[in-house]
Amino acid sequence: MTMAGRRRILVSMSLSATPRSVEHALTSLWTREPAEITGLFIEDLEVLNLSRLPVSREIRVEDASSRVPDAADMERQIRAQGQRVRAAFERRARAMNVASTFRVTRGPMATSLREASAGFDVLVVASARDWMGQRLSLRVQIPELLASGPRTLVIVQEPPQSAGCVAVVYQDTEGGRAALQTAIDIARTDGLALSVLLPAADKQQQAELRDQAKNMVGDYPAASYHQLDMQDRAAEIAAATTRAAARLLVMPRDEAQADRHLALDVLDRINCSVILTG
């Protein structure tokens, strides 16, 4: 995806991030315009504290055996993980030829991420959908990030699709217009089809939304428009995104709490990357 204009971008990498997921996150942010990218590795204090509890046990994936965790060994593993993702980040940043820095911080995940993202335009989370802990952590963090974090939140889900369109949910709000403009910019720059999803209560509203969207899209030839049923918006958005074989879904970031829960429900149902902006 291409983000136009000079922006400060923070790429957050958790304990579950892999060099592969870091590569995917940075590849998704390729920009032809100047950008300042900062990598962030959070040493999750809650995980370290959990390892020190008398009742804690470490379960081995290979044979399901358990042992009492060694706090010093846990510290070494976390530092080694930080070194791996840093090496992957710096290697890819050099290939992109962009200004970059890397930071390591320690503390509770949600608090550390919120504090670190202050002053950034874009927050990128390198997600690993097959790790349940991170999925649950995202569900906790996203509402707060949408309420007070950077204007644009990008959740890079792996593996990314090599082909596909850009899907976008358009509604007649400031966030809806920002989401559509972002999707248009990405589709035009990368030569992708654009699938505009219209959540309309009736045919009249659908026609109004379609006219508004067409006015913004202009003469771009590879655009299509699809009505969404308002009964179960999350299921409808997910199904339409899958039918379009989208590699990316752009959704409005609006202030209503219901919209934040909608974003979470959609994330649980799709495999492509998601941009929340507004």
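Residues are numbered from 1 along each chain as its sequence is written, and side-chain values use heavy atoms, with hydrogens and water left out. Because the model is predicted, local features need pLDDT of at least 70 and side-chain atom pairs count only at pLDDT 80 or more, while totals for chains, interfaces and linings use all residues.

I start with salt bridges, meaning a side-chain nitrogen of Lys or Arg within 4 Å of a carboxyl oxygen of Asp or Glu. The whole structure has seven. Glu-43, Glu-75, Arg-79 and Arg-106 are linked in a network of them. Helices here are DSSP runs of H or I with at least four residues, and strands are runs of E with at least two, numbered from the N terminus.

Glu-75 also bridges to Arg-106, at 2.7 Å between the closest N and O atoms. Arg-106 is in strand β5, residues 99–107, and Glu-75 in helix α3, so this pair ties together parts that are 31 residues apart in sequence.

For accessibility, buried means under 20% relative accessible area, exposed over 50%, and partly exposed in between, with a 1.4 Å probe and protein chains only. Glu-75 is buried because its relative accessibility is 14%. Arg-79 is partly exposed at 43%, and so is Arg-106, at 38%.

Next, a strand residue. Ser-12 belongs to strand β1, residues 8–13, and counts as buried because its relative accessibility is 5%. Leaving aside neighbours within four places in sequence, its contacts (heavy atoms within 4.5 Å) include Leu-40, Ile-42, Leu-113 and Val-125.

Now the cores. A nonpolar core is a set of buried Ala, Val, Leu, Ile, Met, Phe, Trp, Tyr and Cys residues joined through side-chain atoms within 4.5 Å. The largest has 45 residues, of which Met-13, Val-166, Leu-194 and Val-196 touch the most other members. Apart from it lies another core, of 35 residues, among them Leu-10, Ala-167, Val-169 and Ile-270.

Last, an aromatic ring. Arg-8 lies over the face of Phe-120, 4.2 Å from the ring centre; the rule asks for CZ of Arg or NZ of Lys within 6 Å of the ring centre and within 35 degrees of the ring normal.
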